[in-house]
Every structure is written in structure tokens, then in C-alpha cells.
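Me: Hi! I have a structure I'd like to go through with you. Could you take a look?

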Amino acid sequence: MKIKWTNRFSGEQGYVREIKPDHFINTFEKADGENFRSRREAEKAVAMLCDCGEGVNNEFEIVTNKD
């Protein structure tokens, strides 16, 4: 599973490569996005992103590696 992000204002899209305490590092290549072992693990990561304020400007979607 991967986390896809979409910027609410610009429409720019990509994938979460790495999560830091107060932001995330993005990538535009799905293959370079962080792999989560389960939906639950990915949901926890999305909650962390929202808690640090990244959810204000971005929408997050959990996608499978095959999508």
C-alpha cells in the first residue's frame, strides 16, 4: 500500500516517500513511494500526516501497489 497525495489548491499529485515529524518528503514516482504492509499501517501514517498539519493543504488516499 502507498499513500497518494493531492494538493487541494494546485491539484498537484504524488506519493509519500518518507514521513518526518513535521512534514513529508514526496515523490512523483509511485515506485519510489513508501510501502506500507497493511491498510491499518497506512491509515496510521495518514493520521500522523494530518496531526502535523499536512492535511490542511493536501488530501491523502491509500492506494494499492497495483492501482
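Reply: Happy to! One term before we start: contact here means heavy atoms within 4.5 Å. Also, this is a predicted model.

Me: Good. Leaving aside neighbours within four places in sequence, what is Asn65 in contact with?

Reply: Its partners beyond those neighbours are Met1, Lys2, Lys30 and Asn35. Asn65 itself sits in the segment after S4.

Me: Which backbone atom does the Asn65 side chain reach?

Reply: The backbone nitrogen of Met1, at 3.5 Å.

Me: Is Lys30 buried or exposed?

Reply: Lys30 is buried, because its relative accessibility is 16% and the cut-off for buried is under 20%. You'll find Lys30 in the loop between S3 and H1.

Me: And how accessible is Asn65?

Reply: Asn65 is partly exposed, with a relative accessibility of 44%.

Me: How far apart are the C-alpha atoms of Asn65 and Glu43?

Reply: They are separated by 15 Å, and the two residues are 22 apart along the chain.

Me: Switching to the sheet now. What's the strand order?

Reply: S3-S2-S1-S4, in an open sheet of 4 strands with antiparallel pairing. The edges are S3 (24-27) and S4 (58-63), each pairing on one side only. From one strand to the next, the twist averages 40°.

Me: Where does helix H1 pack?

Reply: H1, residues 39-51, packs on the sheet and touches S1, S2 (13-19), S3 and S4. The direction of H1 makes about 170° with that of S4.

Me: How many bridges are there between S1 and S4?

Reply: There are 6, and the pairing of S1 (residues 2-7) with S4 is antiparallel. If you want a landmark, Lys4 stands opposite Glu61 in S4.

Me: Last topic, aromatics. How many aromatic pairs does a search of the whole structure find?

Reply: It finds 3. One of them is Trp5 with Phe28, a tilted pair at 6.2 Å centre to centre with 55° between the planes. That pair links distant parts of the chain, since Trp5 is in strand S1 and Phe28 is in the loop between S3 and H1, 23 residues apart.

Me: Which residues do the ring pairs link into a cluster?

Reply: Trp5, Phe24, Phe28 and Phe60.

Me: Is Trp5 buried or exposed?

Reply: Trp5 is buried, with a relative accessible area of 4%.

Conventions
Residues are numbered from 1 along each chain as its sequence is written. This is a predicted model: local features need pLDDT of at least 70, side-chain atom pairs count only at pLDDT 80 or more; totals for chains, interfaces and linings use all residues. Side-chain values use heavy atoms; hydrogens and water are left out. Two strands pair if DSSP finds at least two bridges between them. Helices (H or I, at least four residues) and strands (E, at least two) are DSSP runs, numbered from the N terminus. Axes are lines fitted to C-alpha atoms, for helices over the stretch in contact, and angles run from 0 to 180 degrees between N-to-C directions. Buried means under 20% relative accessible area, exposed over 50%, partly exposed in between (1.4 Å probe, protein chains only). Rings of Phe, Tyr and Trp (its six-membered ring) pair if their centres lie within 6.5 Å; planes under 30 degrees apart count as stacked, over 60 as edge-to-face and the rest as tilted. A polar contact is a pair of N or O atoms within 3.5 Å; within protein, one must be able to donate a hydrogen and the other to accept it, and residues adjacent in sequence count only if both atoms are side-chain atoms.
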